[in-house]
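This report walks through one structure, from its helices to its surface. Keep the coordinates open while reading.

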Amino acid sequence: MTKKVKISFLILVWSIVAIQIYVNYQDRDKLRKLEKREQAVTAFAVTEDIPESSMIIGQGYFGDMEISDEIKKEMLANLAQKLAIPEGYTFYQSKNEDGTQMTLTSKLEESMTNLQIISKGSSEKPKQYIIVEIKTESEDIYELYEKVERVFREIGLEEQVQVEMTVKKNGKCWKIEKS
C-alpha cells in the first residue's frame, strides 16, 4: 500500500470513530433528557387526584300551586333524605316583592348543601321552583351528579330541568351541563 492510501484509510477510520463518538454523545444526551422528563412526570403523577372543590347545581320547575311553609319544609326534608343528606340541617325563609324562598342548608366537613323552594308570582298561583346546590370536596362527584338527576326525575319535575357539574381538580376546571 502506498503512503497516500494508508493516510486516506487512517483519515477514514478516525472519521468513523469521530462520528461514532458524536452519535454516542447525542444518544447519551437524549437519554439524560428522557430520564429528567420521566422524573418530572413521576413527580406529578405522585400527587393525589383529589378534587379541590366541585359544585352541582340542579334546578327545575314543578308547577303553579299554593304550598304552605310547613309543606315546603317537609318537601325539602324529603329531598334531603333522597339525596342522603344527614340530619342537622337548618331552614330559613326569605320574602320579597317577587315571592318567597324556603331554604334548607347543611354544612359538613367536606360539603355544603342548599336546597331551595322558590315561589314566584301571584299569591293565588305562584310558580314553584326547586334548586339544589351542592359544593363538595368528595371524590364521588359524578355519582352525586347522577343522584341529583335521578331524584329530579323521581319527584316528577316538568322537563325544564338543568343539572350542572363543575369540577376543579389540580388547577383545572371542567363543567358538564345537562338540560
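In helix α2 of this predicted model, the buried residues are K72, L76, A77, L79 and A80. They span an arc of only 160 degrees around the axis, which puts them on the same side of α2. The opposite face carries E70, E74 and Q81, which are exposed. The general rule behind such a face is simple: an α-helix has 3.6 residues a turn, so residues three or four places apart point the same way.

| Helix | Residues | Span, first to last C-alpha | Expected span |
|---|---|---|---|
| α2 | 14 residues | 20 Å | 20 Å |
| α3 | 14 residues | 20 Å | 20 Å |

For α2, the reach is close to the value expected at 1.5 Å a residue. For α3, the reach is likewise close to expectation.

Next, the residues that follow these helices. α3 is followed by G156, with a positive phi near 75 degrees. α2 is followed by A84, with a positive phi near 60 degrees. Most residues other than glycine have a negative phi. A84 is not a glycine, yet its phi is positive, about 60 degrees. Where does A84 sit? A84 belongs to the loop between α2 and β2 (90–96). Its relative accessibility is 53%, and A84 counts as exposed.

How many salt bridges does a search of the whole structure find? The search finds one. K82 pairs with E154, and the closest N and O atoms are 3.4 Å apart. This pair links distant parts of the chain. K82 is in helix α2 (residues 69–82) and E154 in helix α3, 72 residues apart. K82 itself is partly exposed, at a relative accessible area of 41%. That value falls between the cut-offs of 20% for buried and 50% for exposed.

Now the strands. S106 lies in strand β3 (residues 99–107). Is S106 buried or exposed? S106 is buried, with a relative accessible area of 4%. Setting aside neighbours within four places in sequence, S106 contacts I85, P86, Y89, S111, M112 and T113.

K168 is in strand β6 (residues 161–169). Its relative accessible area is 40%, and K168 is partly exposed. K168 and S54 are 114 residues apart in sequence. In space, the C-alpha atoms of K168 and S54 are 5.9 Å apart.

The surface has a nonpolar patch of about 800 Å². F9, L10, L12, V13, W14, I16, V17 and I21 make this patch. V17, one of its members, is found in helix α1 (residues 3–46). V17 is partly exposed, with a relative accessible area of 33%.

Finally, the whole protein. Its secondary structure comes to three helices and seven strands. Along the sequence, the pattern is α-β-α-β-β-β-β-α-β-β. Of the 179 residues in the protein, 30% are buried. Among contacts with a separation of 6 or more, 56% come from residues 24 or more positions apart. The accessible surface comes to about 12800 Å². Carbon and sulfur atoms account for 54% of that surface.

Terms used:
Residues are numbered from 1 along each chain as its sequence is written. This is a predicted model: local features need pLDDT of at least 70, side-chain atom pairs count only at pLDDT 80 or more; totals for chains, interfaces and linings use all residues. Side-chain values use heavy atoms; hydrogens and water are left out. Helices (H or I, at least four residues) and strands (E, at least two) are DSSP runs, numbered from the N terminus. The expected span of a helix is 1.5 Å times one less than its number of residues. A salt bridge is a side-chain nitrogen of Lys or Arg within 4 Å of a carboxyl oxygen of Asp or Glu. Buried means under 20% relative accessible area, exposed over 50%, partly exposed in between (1.4 Å probe, protein chains only). Patches are made of residues with over 30% relative accessible area and no salt bridge: like charges are joined within 9 Å, nonpolar side chains (Val, Leu, Ile, Met, Phe, Trp, Tyr) within 5 Å. Accessible areas come from the Shrake-Rupley method with a 1.4 Å probe; for residues, only the protein chains shown count as cover. Contact means heavy atoms within 4.5 Å. The arc is that of the directions from the helix axis to the C-beta atoms.
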